[in-house]
Amino acid sequence: MEQHIGLICRGINNIYTVEEKGVSYLCRIKGKQLSQVIEEYNPLAVGDMVSFVPTNAHEGLILDRLPRRNSFQRWNTKGGSNQTVVANMDLIVCVTSADTPPFRPRFIDRVIACCQDVDVMIVMNKCDFPLTEDEYERFKLYKTLGYRVLGVSAKTGENIEKLYKELEGKTVAFVGQSGVGKSTLINCLLGSDQRTSEVCEKYNRGRHTTNHSLLISGPLFTVVDTPGVREIQVPHRDKATLQEAFIEFARYAKNCEYERCLHQDEPGCKVKEAVEEDKIHYDRYESYLRMLASLDDKAPLWAGKNDRSNSWRTRMDKDESQEY
Ligand SMILES: Nc1nc2c(ncn2[C@@H]2O[C@H](COP(=O)(O)OP(=O)(O)OP(=O)(O)O)[C@@H](O)[C@H]2O)c(=O)[nH]1
Ligand SMILES: [Zn+2]
């Protein structure tokens with residue numbers, strides 16, 4: 001059988017929509033498991049390229065996942081493993097909102113830490129609501145740190161044109177807390193209500209909540225709408241790599257006394273010193289420490305830890321809801 005290469009546009013209950021040259025196939029994984037992927041919550045994510053064989057004009061079987069260029073991963077508490085939300089993007093757009101839900105900078109910090117080798121841009125939606133001075137300062141900090149930031153309103157149309165320009169020619173994923181307006185913004189940018197109408201028809205309800213990722217090809221850019229989450233946790237990984245998500249640490253970290261300093265309580269830590277001297281924003285440091293602590297609780301199920309009890313699960317669930 002002839003092998004084809006396609007792009008995963010959607011995955012629901014182990015059935016994946018794979019697109020090749022404008023033709024869609026509904027595919028399952030051949031043999032139910034991809035041989036090379038064992039340690040992850042989900043073997044495939046939207047944005048993955050796969051090899052597959054069509055079984056008829058509309059269906060097929062997935063054989064392999066092609067190597068990923070990058071990914072956006074989070075910790076899946078229930079599954080006790082890392083979950084890839086989306087792969088192979090040119091840009092992750094972290095959508096936040098000025099109000100309802102309120103601005104949560106630590107959520108943004110975690111989104112940044114969930115990006116593996118992919119650029120992130122921070123978009124503040126619902127700018128028709130005012131920010132407090134403190135919130136504004138904390139938002140502006142991302143710009144100072146070198147991130148692209150933009151305030152927009154899907155409701156009034158403010159800066160939508162500018163956002164459009166940022167996305168042109170790219171494949172991007174919108175991620176963020178539930179209710180910040182990801183789907184509304186996408187509809188606004190694509191000039192359609194593709195996402196909302198599709199879900200409304202299917203479930204026959206007015207207000208929709210995105211419950212699975214979907215890749216939508218627009219005329220000038222491609223966008224993935226991801227399900228909103230109430231909380232997000234950074235994936236399990238080597239603790240020493242977490243500081244890569246805090247770019248302002250680097251210039252101080254290189255002078256820390258210990259080579260693998262985690263900037264907690266180590267003597268001669270220059271990062272901590274910089275925090276004390278207000279050279280690093282205290283809230284960002286606090287954000288870092290919380291994420292670092294959360295890594296202690298994460299031992300992936302696949303790492304051979306079979307001693308985890310129900311009390312462990314309960315603790316994790318509680319931690320997640322208390323993360324702010
Ligand atoms: N005031 C105001 N409301 C907005 C704006 N953008 C979206 N909303 C409203 O915010 C609510 C949530 O919007 P959604 O687009 O469903 O949010 P979402 O981020 O896709 O939510 P999930 O699907 O749960 O992830 C809706 O009632 C929108 O009408 C905005 O710019 N200003
Ligand atoms: Zn240090």
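Predicted model: local features only at pLDDT ≥ 70, side-chain atom pairs only at ≥ 80, totals over all residues.
Local features need pLDDT of at least 70 and side-chain atom pairs count only at pLDDT 80 or more, while totals for chains, interfaces and linings use all residues. Residues are numbered from 1 along each chain as its sequence is written, with chains lettered from A and ligands numbered from 1 in the order in which they are written.

Around ligand 1 sit 18 residues (C-beta, placed from the backbone, within 6 Å of the ligand), and the closest are K155, G181, S183, T184 and G228. By type, the shell splits into 3 nonpolar, 11 polar and 4 charged, with Ala, Val, Leu, Ile, Met, Phe, Trp, Tyr, Cys and Pro taken as nonpolar, Asp, Glu, Lys and Arg as charged, and the others, Gly among them, as polar. An unreviewed UniProt entry places a "binding site" at G176, Q177, S178, G179, V180, G181, K182, S183 and T184.

G181 counts as buried because 24 other C-beta atoms lie within 10 Å; the cut-offs are 20 or more for buried, 12 or fewer for exposed, and partly exposed in between, with C-beta atoms placed from the backbone. S183 is buried too, with 23 such atoms within 10 Å.

Then there is the backbone. Most residues other than glycine have a negative phi, and most peptide bonds are trans. Here, a cis peptide bond joins T100 and P101, with omega about 0°. Phi is positive at D117, near 65°, and at H263, about 60°. D117 is exposed, with 8 other C-beta atoms within 10 Å, whereas H263 is buried, with 25 C-beta neighbours inside 10 Å.

Technical notes:
UniProt positions renumbered as here; feature names shortened; annotations may be inferred.
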